[in-house]
Amino acid sequence: MQANIRHQVSPYLVFFIIYNSQVGVGILSFQKTIAAKAGYDAWIGVLVAGCIVQLSIWMMYILLEKADGDIIDVHTTIFGNVLGKFMSFFIMIYYWLASVSVLIGFIEIIQVWLFPSMPSWIISTIILLSVYYCVSGGFRVIVGMSFLSFIFPQILLIVLFIFPLKFAHFSNLLPIMNHSFMEITDSIKSSMYTLAGTETLLMYYPFIRDPKASKKFAHLGVLFTTLLYTISAIISFTFYSEKQLKTTIWPELSLTKMITMSFLERFEYLYISMYLIIVSVLISLLLWCSSRGLKKIFNRKQKYTLLILSLISVVLCHFNGSFNDMLNKYITQMNLWIFYGYIPILLLVLTFLKRGKQNDS
């Protein structure tokens with residue numbers, strides 16, 4: 001069921017939603033993770049992962065068109081009201097945990113690079129207050145922020161890729177395909193989680209004014225982020241040696257240390273501050289999906305579920321170290337199994353159900 005037209009957004013804005021759902025703190029550190037799997041051939045895994053995400057987007061659109069609604073409507077159509085809402089509940093929890101993972105990752109960056117002595121609860125509270133204000137304004141406000149975060153600061157941050165090129169050694173990428181098939185496959189899995197975020201389409205689909213017209217913009221959004229991640233990986237691979245990359249936690253963020261200006265000595269401070277806009281919009285989108293879904297499942301006002309999720313998020317941000325590693329591992333596995341395994345199965349089941357009803361009629 002489509003949302004009220006006053007709450008819907010134009011099809012072309014899906015490009016910016018897709019971009020913002022995929023670009024988070026992962027782009028600052030994924031180069032080290034994928035290089036550990038397949039060395040400097042890992043950029044190939046990023047391109048392949050982007051193609052798989054394109055296929056996933058295509059399947060999600062078909063699934064949602066058949067159900068004429070979001071993932072909750074898909075589940076209730078297939079499994080019924082009670083079991084369908086029970087299945088949807090786990091996906092809403094995934095959205096929420098993903099937002100917590102992004103928040104913890106960015107808090108770690110702030111504490112390491114900017115304010116080492118500032119407690120996690122203060123940083124998380126400040127960020128979540130702005131997120132709560134953004135989500136309370138509705139989906140159109142989040143989309144507007146996604147558009148602004150693309151125009152500024154993302155376009156500016158892309159231009160910064162030019163600075164490391166004068167120190168680049170493209171011979172680092174040679175010889176190409178110097179790793180085994182299994183090593184490339186491992187880098188594809190890591191890249192697929194890095195490119196995660198398109199699954200938010202399963203919740204905001206009814207808020208698109210003309211969903212069919214938005215397909216091309218969704219695919220263009222995935223293409224843009226795939227190229228962005230690929231270029232980021234290649235620049236890091238040509239700038240760092242393999243030994244340096246193993247010991248660098250945030251390769252892209254560390255690259256900004258080489259940018260110096262006459263009026264600005266520590267450019268990374270400005271970089272992190274600008275990146276706060278991108279991260280806040282991503283957390284807003286994930287929390288909107290989770291709170292919107294829980295509203296439909298439990299028939300409660302969205303502002304109450306949003307407030308509860310935000311308060312629990314502040315508490316969870318106190319935990320770090322092993323908890324953060326466990327959370328990332330759980331979200332990675334959940335992302336791969338649900339959105340690249342479970343969604344295709346749902347599509348097959350719903351297709352057979354629709355054909356069965358047509359034959360009966």
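Glu268 is buried in this predicted model, with a relative accessibility of 2%. Its salt-bridge partner is Arg266. The closest N and O atoms of Arg266 and Glu268 are 2.5 Å apart. Arg266 counts as partly exposed, at 37% relative accessibility.

Side chains of opposite charge can pair when their charged atoms come close. The whole structure holds 4 salt bridges. One of them joins the side chains of Glu65 and Lys215, with 2.9 Å from N to O. This pair links distant parts of the chain. Glu65 belongs to helix H3, whereas Lys215 belongs to helix H10 (residues 211-239). The two residues are 150 residues apart. Glu65 is partly exposed, with a relative accessible area of 28%. Lys215 is also partly exposed, and its relative accessible area is 28%.

Another salt bridge connects Lys296 with Asp70. Here the closest N and O atoms are 3.0 Å apart. Lys296 lies in helix H13 (residues 267-298), and Asp70 lies in the loop between H3 and helix H4 (71-79), so the pair ties together parts that are 226 residues apart in sequence. Asp70 counts as buried, at 1% relative accessibility. Lys296 is partly exposed, with a relative accessible area of 27%.

Most residues other than glycine have a negative phi, and most peptide bonds are trans. Asp68 is not a glycine, yet its phi is positive, at about 55°. Asp68 is partly exposed, with a relative accessible area of 42%.

A positive phi also occurs at Met177, which is not a glycine. Its value is about 60°. Met177 is located in the loop between H7 and H8. At 52% relative accessibility, Met177 counts as exposed. Pro175 is placed in the loop between helix H7 (139-159) and H8 as well. The peptide bond that joins Leu174 and Pro175 is cis, with omega about -5°.

Helix packing was examined next. Two packed helices are described by the angle between their axes and the distance between the axes. Helix H3 (residues 42-67) packs with helix H8 (residues 181-194) at an angle of about 55°. Their axes are 8 Å apart. The angle makes H3 oblique to H8. The crossing of H3 past H8 is right-handed. On the H3 side, the contact is made by Ala42, Gly45, Val46, Val48, Ala49 and Ile52. H8 contributes Ser187, Ile188, Ser191 and Met192. By class, this contact of H3 with H8 has 7 nonpolar and 3 polar residues. No charged residues take part.

Leu97 sits in helix H5 (residues 81-113). At 12% relative accessibility, Leu97 counts as buried. Leaving aside residues up to four places away in sequence, Leu97 touches Leu327, Tyr330 and Ile331. Leu97 and Leu157 are 60 residues apart in sequence. In space, the distance between them is 27 Å, C-alpha to C-alpha.

Conventions
Residues are numbered from 1 along each chain as its sequence is written. This is a predicted model: local features need pLDDT of at least 70, side-chain atom pairs count only at pLDDT 80 or more; totals for chains, interfaces and linings use all residues. Side-chain values use heavy atoms; hydrogens and water are left out. Axes are lines fitted to C-alpha atoms, for helices over the stretch in contact, and angles run from 0 to 180 degrees between N-to-C directions. Helices (H or I, at least four residues) and strands (E, at least two) are DSSP runs, numbered from the N terminus. Angles under 35 degrees count as roughly parallel, over 145 as roughly antiparallel, 65 to 115 as roughly perpendicular and the rest as oblique. A crossing is left-handed if the near helix is turned anticlockwise from the far one by less than a right angle, and right-handed if clockwise. Contact means heavy atoms within 4.5 Å. Ala, Val, Leu, Ile, Met, Phe, Trp, Tyr, Cys and Pro count as nonpolar, Asp, Glu, Lys and Arg as charged, and the others, Gly among them, as polar. Buried means under 20% relative accessible area, exposed over 50%, partly exposed in between (1.4 Å probe, protein chains only).
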